[in-house]
Amino acid sequence: MSAPVYLGMPTAPRGVGHLRGADPFPVAARRALGDSQLRRNLGRATATIRAKRAAVVGELPDWEELRAAGSAIKAHTMAHLDRYLEQLEEQVTARGGVVHWARDAVEANRIVTDLVRATGATEAVKVKSIVTDEIGLNEALAAAGIRARETDLAELIVQLGHDRPSHILVPAIHRNRAEIRDIFLREMGDVDPGLTDSPAALTEAARLHLRRAFLSAKVGISGANFAIAETGTLCVVESEGNGRMCLTLPDTLITVMGIEKVLPSWADLGVFMQLLPRSSTGERMNPYTSMWTGVTPGDGPQRFHLVLLDNGRTAALADPAGRSALHCIRCSACLNVCPVYERVGGHAYGSVYPGPIGAVLSPMLTGVADNASLPYASSLCGACYEACPVKIDIPSLLVHLRARHVEEDAGRLPSPEAVTMAAASWVLAKPSRLAAGQRAGRLGRLLSRDGRIRRLPPPLAGWTVARDAPAPAAQTFREWWRAREGGPR
Ligand code: SF4
């Protein structure tokens, strides 16, 4: 199937890619591994979430059937995405909302900025939303003189700390309580100087800080977890109630949504409302689930704008082997089980989408060349696939992206790995070459002591930085075979 084109959108648009100034994964991961506090924070937090998730998932005898249903609904929706998006637009419009189409980050930011400006507001309150991070909305608004205030506690910590989120669900997972208290004391201005680092005290400080913003906000900005095509209903799930404040108190609500979030019907939503809370926060049901359909006179926002964002999604959809990455419901279960993520954290990925799904989504949305090292940021152990509530085969997607990277790289200067493989291929092609190579390799015995080589010369020196190499055998298998059995030469 070729990529669908919505309302004149070109395919393969590009938006904000690898975060500006971010180091490639190998460099950033090495730095993160040296931060023992970060590793402790991450290890503790992911172990807690993993245990909670395992307990509530274990309660459901039909968990595997639910996963299969979620996967099938997503596959069906992606195969008919054009139809469901047009239905969603019709329904939102019929109920008093306005739908905007954005082909990339620049266009989405311009639309949102113009909409906020039209209200005369210079401030907006925000519900936690990864898609607005993806397009760099806060920075675009700031450039236009509009302050976007994050209201989710973890996002607030990240914003006040002039930091970046490091987890899809728990953006400040890399911070511990003492660090959060220090940020609040330094940045909030109106906070009690005797603030302790107890969770209750920190939460209360954030509530007081945010209350004034909620009550004075004219504009709310959100993402969306789901949109239901049959009625034009939007859905945001969150666990603090701040989202509901943003979605109901301001006069104008602007929702930015990736086009892959649409679902055909309410019956489909029922499946995801079972899968998502258990997979993300390890809860049986989500604490605050807000849904709205267009505009209701005298109740809630009186102006509703829905910005439907492509930003590389139709290009991902055009890749039959990779499009299942668009099934992701951003639960973060794959992050919490990933041994690589647990050790290096989210910042090392240099993308707003960290962890296993980030290693897939970022290259798919913004191009493999922009994120060349991410498909390799995995041990391919398969834990992410096991945990994913919509059964995205992340390891296979990573291998697929590695292949694309190799293909895109063909024609450039060969890598040391490619040179080594070509040499090995030449040697292995003829028994006489292999025998000559083995005889030459035997010279390595000169470097060995007690049967081990502790330091190899360049360019092989890296191998022995953290391990010994065995000394080459005094006799090859063929020589041994000839001597004992009179085997083939
Ligand atoms: S890939 Fe699966 S497990 Fe990972 S965030 Fe997306 S839905 Fe959750």
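User: In which sense do strand β5 and strand β6 pair, and over how many bridges?

Analyst: Two strands pair if DSSP finds at least two bridges between them; strands are DSSP runs of E of at least two residues, and helices are runs of H or I of at least four, both numbered from the N terminus. Here β5 (residues 226-228) and β6 (residues 233-238) pair in the antiparallel sense over three bridges. Phenylalanine 226 has cysteine 235 of β6 as its bridge partner. The model is predicted, with local features needing pLDDT of at least 70 and side-chain atom pairs counting only at pLDDT 80 or more, while totals for chains, interfaces and linings use all residues. Residues are numbered from 1 along each chain as its sequence is written, and side-chain values use heavy atoms, leaving out hydrogens and water.

User: What is the strand order of the open sheet?

Analyst: The order of its four strands is β8-β5-β6-β9, with mixed pairing. The edge strands β8 (262-263) and β9 (288-293) each pair on one side only.

User: How are two packed helices described?

Analyst: One gives the angle between their axes and the distance between the axes. Axes are lines fitted to C-alpha atoms, for helices over the stretch in contact, and angles run from 0 to 180 degrees between N-to-C directions. The axes of α8 (residues 153-160) and α9 (residues 177-187) come within 10 Å and cross at roughly 60°. The two helices are therefore oblique to each other, the class left over once angles under 35 degrees (roughly parallel), over 145 (roughly antiparallel) and 65 to 115 (roughly perpendicular) are set aside.
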